[in-house]
Amino acid sequence: KDGAATWSDSFVLSDERGSMVRGKPIVLNDGNYLLPMYHETGNDREKMGSDTTSYFLRFDPATQKWTPTNRIHSPLGNLQAQVVQLTDKHLVCFMRRGGGYGPDSSGYIQRAESHDGGFNWSDASDTEFKNPNSAVDVEKLQNGHIALVYNDHMYERTPLTIAISTDQAQTFPHRRNIGGGDNTFAYPYMIQVSDGRILVLYTTNARTTIMLAEFPESAILKE
């Protein structure tokens with residue numbers, strides 16, 4: 001309430017075994033908060049259970065209550081949803097696919113939608129974007145454009161690519177790599193700051209180094 005100068009005490013939102021959070025929450029147009037969550041299953045460190053699902057916790061400031069949404073299912077499982085609100089009723093989220101980490105020719109970012117303001121969600125389906133079972137992020141920019149950051153490969157965490165949509169996440173014709181070569185680039189976290197710059201934090205060097213990329217949207221739109 002004071003620009004992050006002070007903080008409340010911590011409190012538990014979920015004690016379900018396997019439920020975790022990676023994505024950033026968003027404030028909805030109605031003033032509610034939507035926090036991306038996921039429930040990971042399986043006993044193999046090299047492969048996630050196909051019943052791994054994404055969902056959201058919704059906070060209503062009027063009632064001070066957190067309420068879970070339905071779980072988002074897909075054939076390989078999905079996790080670590082990132083969400084944007086397109087209109088009062090229409091929201092879209094992009095998710096890391098489930099499955100394993102080995103060479104694959106069918107790994108794509110998953111997408112689900114809500115048409116009632118984020119209360120209920122569709123099951124997930126493949127997008128056109130490759131995904132090597134790695135985290136993605138999405139951000140609604142100040143001008144309404146949608147920016148997506150992801151690994152443009154079926155099974156390698158390189159390159160790290162930015163894609164921008166100017167038609168409310170229907171198409172993403174503007175794309176540019178911000179990391180590439182013989183390395184890995186993972187766990188991106190993207191925001192746009194007040195002066196319009198886009199900032200992307202991500203790991204590299206086998207997750208031993210944190211990098212920051214900073215650029216204007218025009219650097220991607222020119223590609």
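The model is a predicted one, in which local features need pLDDT of at least 70 and side-chain atom pairs count only at pLDDT 80 or more, while totals for chains, interfaces and linings use all residues. Residues are numbered from 1 along each chain as its sequence is written, and side-chain values use heavy atoms, with hydrogens and water left out.

**Entry 1, salt bridges.** I took a salt bridge as a side-chain nitrogen of Lys or Arg within 4 Å of a carboxyl oxygen of Asp or Glu, and I found eight of them in the structure.

I looked up Glu113 and noted that it is partly exposed at a relative accessible area of 21%, whereas its salt-bridge partner Arg111 counts as buried at 17%. The closest N and O atoms of this pair are 3.1 Å apart.

I then turned to Glu214 and Arg197, whose side chains meet in a salt bridge at 2.8 Å, N to O. Glu214 belongs to strand β16 (residues 209–215) and Arg197 to the loop between β14 (185–192) and β15 (198–204), so this pair ties together parts that are 17 residues apart in sequence.

Lys24 forms a salt bridge with Glu139, with 3.5 Å between the closest N and O atoms. The two are 115 residues apart, Lys24 sitting in the loop between β1 (19–20) and β2 (26–27) and Glu139 in strand β10 (residues 137–140). I recorded Lys24 as buried at 12% and Glu139 as buried at 15%.

Which order do the strands of the open sheet of four take? I read β10-β11-β12-β13, with antiparallel pairing, where two strands pair if DSSP finds at least two bridges between them. β10 and β13 (174–179) stand at the edges with a single partner strand each, so one side of each has no neighbour in the sheet. Between β11 (residues 146–151) and β12 (residues 160–165), which run antiparallel, I noted six bridges, and Val149 stands opposite Ile162 in β12.

Conventions:
Buried < 20%, exposed > 50% of the residue type's maximum accessible area, 1.4 Å probe, protein only.
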